[in-house]
Amino acid sequence: MSSTSNTTTISTVGPPSRRNTELAMLAFAVIIPVLAYANVGLALSDELPSGLLSYGLGLGFMAGVGHLVVRKFAPYADPLLLPLATLLNGLGLVLIWRLDQSRRLAQRAEAAGGEFTVAAPRQLMYSAMGIALFVAVLLLLKDHRKLQRYTYISMFVSLVLLLLPLVPGLGMNVFGARIWISVAGFSIQPAEFAKIVIAVFFAGYLMVKRDALALASRRFMGMYLPRGRDLFPILTVWAISILILVFETDLGTSLLFFGMFVVMLYVATERTSWIVFGLLMSAAGAVTVSTFEPHVEQRVNAWLDPFAAFENGTTDQIAQALMAFGSGGTVGTGLGQGNSDLIGFAANSDFILATVGEELGLGGTMAILLIYALIVERGARTALAARDPFGKMLAIGLSAAFAIQVFVVAGGVMGLIPLTGMTMPFMAYGGSSVIANWALIAVLIRISDTARRPAPAPAPSPDAEMTQVVRP
């Protein structure tokens, strides 16, 4: 009789890190804006812009730093989030620089007694600060689950951030909206950072309360209605959003926070009735406030009849934006060859998408919106892959906030909904927006790294070794 001992070992093979894929995508994300920058220069002056090399090196350096940090500290993260954000940021810098060259905007600023500010260098500095915060989040946040400890602290911090614009001497009233604060000569929009902090609170709260909120009292018209006692959370968030709308006249932030909470509540409970309640409450609140708040009423009237501005002398920005989209057609007039600067002072911020619509046309606009949709899709995929409930809720909350902000801004510029005053993530001029959204991408990358990281191999046990006796 002879015997042969066969030992079976169990090994855990994780998914590939996909960092080389990310690096290849980053190369395209840098090359495309550099080519667009050259295109604008050739269209405006028939020569390459003098800052082409420095712009390409600067954007490439920021992308390279981000990639090296992700490769080292989040090797299993989603490979598309960083390239997509870099591409949007780079194209935004090109469009802002293109509007900086507008003589019409400079003449308007001088006629108004002000000084025309060149925005592209500042936006490049803000982008570098955003990458720095992106790196800091990945270095300091080793495990996103630690954020769950600060659920109620994050609620307090988010409320403080939202109330800062109301503090006398600190808040600023800009064109009827109190959404800014002035610190050391810089204008900061606290709501951009509050959306990340409040997502942490919503994720921690709903993870604990989701079982109670999922209970239904009765069925009505095919929907399970929530119990009366469970309406308190959504009524509280709705009341806070209405207070923001009333005292800060900030329709965008109000829609963003309430919409994010409703989406997260639906994901946590899987009850369609919460979506219906959320839509009805947001519509009722917006209609009620617009009847007595002049700033909100003015924006609603401009939305209902944008071309009336040419008759009554009010702002014609929405009308100019609609005409920019119309003149762009399918393929656009070409970079640097449009007239979207007729929009005026907010052409490089709130209305940056109108420049895309005119100079890149319907095709370019759809491509930009598709890039935004891909970021949302990767965030949703990260939520599905997350192993812990808190990570799932946080990822879907941040993705929903990003998606709602894009919808609110694009819808306002295109005339689908009233203009809100928010800015297009990564593309529009504004330091608060680009810095906060780079932090949002960093949190999603951390969650995706944890979700895709191979599980540790189980400890060896006696059953792992099996001996088979082979008889002749």
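**Group meeting: helix packing in a predicted model**

Let me begin with helix α5, whose buried residues are covered by elements that include α2, α3, β3 (186-188) and α17; here contact means heavy atoms within 4.5 Å, and buried means under 20% relative accessible area, exposed over 50% and partly exposed in between, with a 1.4 Å probe and protein chains only. Please keep in mind that this is a predicted model, in which local features need pLDDT of at least 70 and side-chain atom pairs count only at pLDDT 80 or more, while totals for chains, interfaces and linings use all residues. Residues are numbered from 1 along each chain as its sequence is written, and side-chain values use heavy atoms, with hydrogens and water left out.

Now the overall picture. Of its 472 residues, 50% count as buried, and among contacts with a separation of 6 or more, 74% are made by residues 24 or more positions apart.

Buried positions in α5 include Q123, Y126, S127, G130, I131 and F134.

Which residues does Q123 touch, not counting those up to four places away in sequence? They are L93, I96, A428, Y429, G430 and V434. Q123 counts as buried because its relative accessibility is 1%, and a polar atom of its side chain lies 3.1 Å from the backbone oxygen of A428.

Helix α2 (residues 52-73) can be treated in a similar way, since its 22 residues should span 32 Å at 1.5 Å a residue, in agreement with the 32 Å between its end C-alpha atoms. Its buried residues, among them L52, Y55, G56 and L59, pack against α1 (19-45), α3, α5 and α17 (431-452).

V94 and V40 are 54 residues apart in sequence, yet their C-alpha atoms are 8.0 Å apart in space. R98 also lies in α3, which covers residues 81-100, and it counts as buried because its relative accessibility is 4%. Beyond its neighbours within four places in sequence, R98 is in contact with V40, G336, Q337, G338, T355 and E359.

Finally, the core. The largest nonpolar core has 117 residues, and those with the most contacts inside it are F134, L394, M424, W438, I441 and I445; such a core is a set of buried Ala, Val, Leu, Ile, Met, Phe, Trp, Tyr and Cys residues joined through side-chain atoms within 4.5 Å. Helix α16 (residues 389-414) gives the most to this core, with 14 residues. As for W438, with residues up to four places away in sequence not counted, it touches L82, A85, T86, N89, S127, G130, I131, F134 and F426.

Note on methods: Helix = DSSP H or I, 4+ residues; strand = E, 2+ residues; numbered from the N terminus. Polar contact = N/O pair within 3.5 Å; in protein donor to acceptor, adjacent residues only side chain to side chain. Expected span 1.5 Å × (residues − 1).
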